Amino acid sequence: MNLPIFTTPGELDRYLQCHRSRSIGFVPTMGALHLGHQGLIDRARTENNTVIVSIFVNPLQFGANEDLDRYPRQLELDLVLCQSAGVDALFVPTTESIEIADTLTQVIPPPAMMSGLCGCSRIGHFQGVATIVTKLFNIVRPDRAYFGEKDAQQLAIVRRIVRDLYIPVEIVGCPTIRADSGLALSSRNQYLSPLGRSQAAVIYRSLQQAQLLAQQGEQNARSLLAVVAHELATVPEFQLEYLELVDLDTLQSIDTLSQPALVAIAGRIENTRLIDNIVIGK
Ligand code: AMP
C-alpha cells in the first residue's frame with residue numbers, strides 16, 4: 001500500500017507544499033468508511049487535483065453518554081477504500097498531534113442553529129464539530145471540502161461558519177447514499193442486527209411520504225409531518241426523537257412550505273441513534 005498517511009499537521013503541510021499551486025479537495029471523516037463516504041471522495045476526485053481524507057474520531061463532538069469508546073475504528077479497511085478510490089493522502093491525527101485539550105479555543109456556531117434538531121439531545125456536539133472542522137480547514141487549507149447532506153444540520157452549520165469567518169474554502173454538499181432498502185448508510189448501522197436494519201428502512205419510507213404529499217401540493221407542515229409520523233408508527237420498535245420541517249439554511253421550524261425545506265428525523269432502533277432527512281418542495 002503506497003497511500004501516504006500523516007499524523008501531524010507539519011508532515012501533512014510538507015507533503016502539500018508541492019500540491020498547493022493546484023486544487024486540493026478535502027473530505028473530513030470519522031473513519032469506518034462506507035459507500036456514503038466514498039460518494040464524497042468520488043466527487044472530490046473529479047473536481048480536484050489532490051484529494052485528502054482525514055480520519056479522526058473527534059472526542060469533542062461526543063457527549064458523556066454517547067458512543068465515543070465503541071465508535072467503530074477500522075483503519076486497515078479504510079485504507080483499502082481510500083486507496084481504491086484514488087485518495088492521494090490520508091490525515092489521521094491524534095488528539096495530541098492536533099492539540100485537543102480542555103483549554104482549546106472553541107468555535108461557537110450561532111446558538112439558534114445548534115439548539116434544535118440534533119442539538120436538543122446532543123449538547124455541545126455542533127460546537128465540537130465546528131471547532132474540529134475549523135482546525136482541519138486551517139491545517140489542510142483545501143480549495144473545496146465535501147460534506148454529506150445526510151448530516152444536514154452539520155452541513156448548514158459548516159456553511160455558516162465558513163461564511164461568517166471568511167474561511168477560504170468552498171463547501172460542497174453531496175447527496176445521501178442509501179442501501180437498497182432506502183436506509184441512509186452510516187458507520188453506526190454496524191450496530192444494528194439484520195432485523196434492525198430492515199426496520200430502520202421505515203425512516204426513509206416515511207420521508208418519501210412527505211415528498212409525495214408535497215408534490216401533490218400540500219404545504220401545511222402539520223399535514224406533511226402527520227403522514228411521516230403515521231408511516232413511522234408502522235414500526236413500533238422505532239423510537240422517535242424528533243420529526244421536524246425546517247428551513248434549509250436557518251434550520252428554524254416552518255409552518256408552511258413556500259420554498260424547498262428539510263424534513264428531518266432522528267430516532268433509535270435497537271438503541272442505535274439514526275438520522276435522515278429529505279428536501280421537499282423543490
Ligand atoms: P462521519 O464519518 O460520519 O463523520 O461522516 C463524514 C462525512 O461523510 C460527513 O460529511 C457525512 O455527512 C458524510 N456521510 C456519512 N454518511 C453518508 C451517506 N450515507 N451519504 C452521504 N454522505 C455521508
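Q: At what angle do helix 6 and helix 7 pack?
A: First, a caution: this is a predicted model. Helix 6, residues 125–140, packs against helix 7 at about 50°. Their axes are 10 Å apart.
Q: Is their crossing left-handed or right-handed?
A: The crossing of helix 6 and helix 7 is right-handed.
Q: New topic. What is the volume of the second largest pocket?
A: About 330 Å³.
Q: Which residues are closest to its centre?
A: L155, A156, R159, L248 and D249. The lining has 14 residues in total.
Q: Which helix gives the most to that lining?
A: Helix 7, with 6 residues. That helix spans 152–164. Strand 9, at 272–280, supplies at least two lining residues.
Q: How do the lining residues divide into nonpolar, polar and charged?
A: The lining of the second largest pocket has 7 nonpolar, 2 polar and 5 charged residues.
Q: Which domains does the lining draw on?
A: Domain 1 (5–174) and domain 2 (187–275). Each gives at least three residues.
Q: Back to helices. How do the axes of helix 9 and helix 10 cross?
A: At roughly 150°. The axes come within 8 Å. Helix 9 covers residues 202–215, and helix 10 covers residues 221–232. The angle is over 145 degrees, so helix 9 is roughly antiparallel to helix 10.
Q: And is that crossing left-handed or right-handed?
A: Helix 9 and helix 10 make a right-handed crossing.

Definitions and conventions. Residues numbered from 1 in each chain as written. Predicted model: local features only at pLDDT ≥ 70, side-chain atom pairs only at ≥ 80, totals over all residues. Heavy atoms only, no water. 1 Å grid on protein atoms, 1.4 Å probe; cavity = no way out; pocket = protein on both sides within 12 Å on 5 of 7 lines; lining within 4 Å. Points joined across faces, edges and corners; volume = space filled by probe spheres on them. Helix = DSSP H or I, 4+ residues; strand = E, 2+ residues; numbered from the N terminus. Nonpolar A, V, L, I, M, F, W, Y, C, P; charged D, E, K, R; others polar. Domains from an automatic or database assignment. Axes fitted to C-alpha atoms, helices over the stretch in contact; angles between N-to-C directions. Left-handed = near helix turned anticlockwise from the far one by under 90°. Parallel < 35°, antiparallel > 145°, perpendicular 65-115°, else oblique.
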